[in-house]
Amino acid sequence: MLDVTRLSTWIGPARILHDIDLTLAPGEIACLLGPNGAGKSTLMNTLAGLLRHRQGTITLAGKPWTSWMPHSASRTVLRCRRKDDRSSPR
């Protein structure tokens with residue numbers, strides 16, 4: 001299970017994500033929708049370990065996100081494909 005609680009991420013002085021809560025059960029598929037600038041990419045980049053969050057917790061299978069190797073965790077949880085991305089397999 002992926003559990004995100006009160007996640008906040010800044011880019012420079014701007015807080016892009018504010019108190020995000022998300023829970024995904026094993027095998028569950030979620031779709032992240034929103035207008036440009038809503039923080040979709042920031043959330044995905046934070047979950048993939050490309051951005052560091054300043055507040056909140058992320059756990060995967062009951063273990064803190066930081067205890068997972070970044071490539072292992074992102075491969076386990078994240079599969080992100082943009083609508084206009086034709087480079088990744090379907």
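This report walks through a predicted model of one chain, from its overall layout to a few residues worth a look.

## The overall layout

Let's start with the big picture. The chain contains 2 helices and 4 strands, and from the N terminus they come in the order β-β-α-β-β-α. It has 90 residues, and 23% of them count as buried.

## How the strands pair up

Strands E1 and E2 pair in the antiparallel sense, over 7 bridges. They form a hairpin with 2 residues between them, and Gly-12 in the turn has a positive phi of about 65°. E1 also pairs with E3: these two run antiparallel and are joined by 5 bridges.

Val-4 is a handy landmark here. It stands opposite Leu-22 in E2, and Val-4 also stands opposite Ile-58 in E3.

Nonpolar side chains in soluble globular proteins tend to be buried together. In this chain the largest nonpolar core has 11 residues, among them Val-4, Leu-17, Leu-43, Ile-58, Trp-65 and Trp-68. E1, E2, H1 and strand E3 (55-60) are the elements that give two or more residues to this core. E1 provides the largest share, with 3 residues.

Setting aside residues up to four places away in sequence, Leu-43 touches Leu-7, Leu-17, Ile-20 and Leu-32. Leu-7 and Leu-17 are also members of the 11-residue core.

Is Thr-42 buried or exposed? Its relative accessible area is 10%, and the cut-off for buried is under 20%, so Thr-42 counts as buried.

What does Thr-42 contact, leaving aside its neighbours within four places in sequence? The list is Thr-9, Ile-11, Ile-16, Leu-17 and Leu-51. Leu-17 turns up again here: it is in contact with Thr-42, and it is touched by Leu-43 too.

## The salt bridge

Side chains of opposite charge can pair when their charged atoms come close. The count for this model is 1 salt bridge. Its partners are Arg-6 and Asp-19, whose side chains meet at 3.5 Å, N to O. The pair links distant parts of the chain, with Arg-6 in strand E1 (residues 2-11) and Asp-19 in strand E2, 13 residues apart.

How do the two partners sit relative to the surface? Arg-6 has a relative accessible area of 51%, which is over the 50% cut-off, so it counts as exposed. Asp-19, at 27%, is partly exposed.

Where is Ala-38? Look in the loop between strand E2 (14-24) and helix H1 (40-47). Ala-38 has 44% relative accessibility; that falls between the 20% and 50% cut-offs, so this residue counts as partly exposed.

Ala-38 and Leu-17 are 21 residues apart in sequence, while their C-alpha atoms are 8.7 Å apart in space.

Notes
Residues are numbered from 1 along each chain as its sequence is written. This is a predicted model: local features need pLDDT of at least 70, side-chain atom pairs count only at pLDDT 80 or more; totals for chains, interfaces and linings use all residues. Side-chain values use heavy atoms; hydrogens and water are left out. Buried means under 20% relative accessible area, exposed over 50%, partly exposed in between (1.4 Å probe, protein chains only). Contact means heavy atoms within 4.5 Å. A salt bridge is a side-chain nitrogen of Lys or Arg within 4 Å of a carboxyl oxygen of Asp or Glu. A nonpolar core is a set of buried Ala, Val, Leu, Ile, Met, Phe, Trp, Tyr and Cys residues joined through side-chain atoms within 4.5 Å. Two strands pair if DSSP finds at least two bridges between them.
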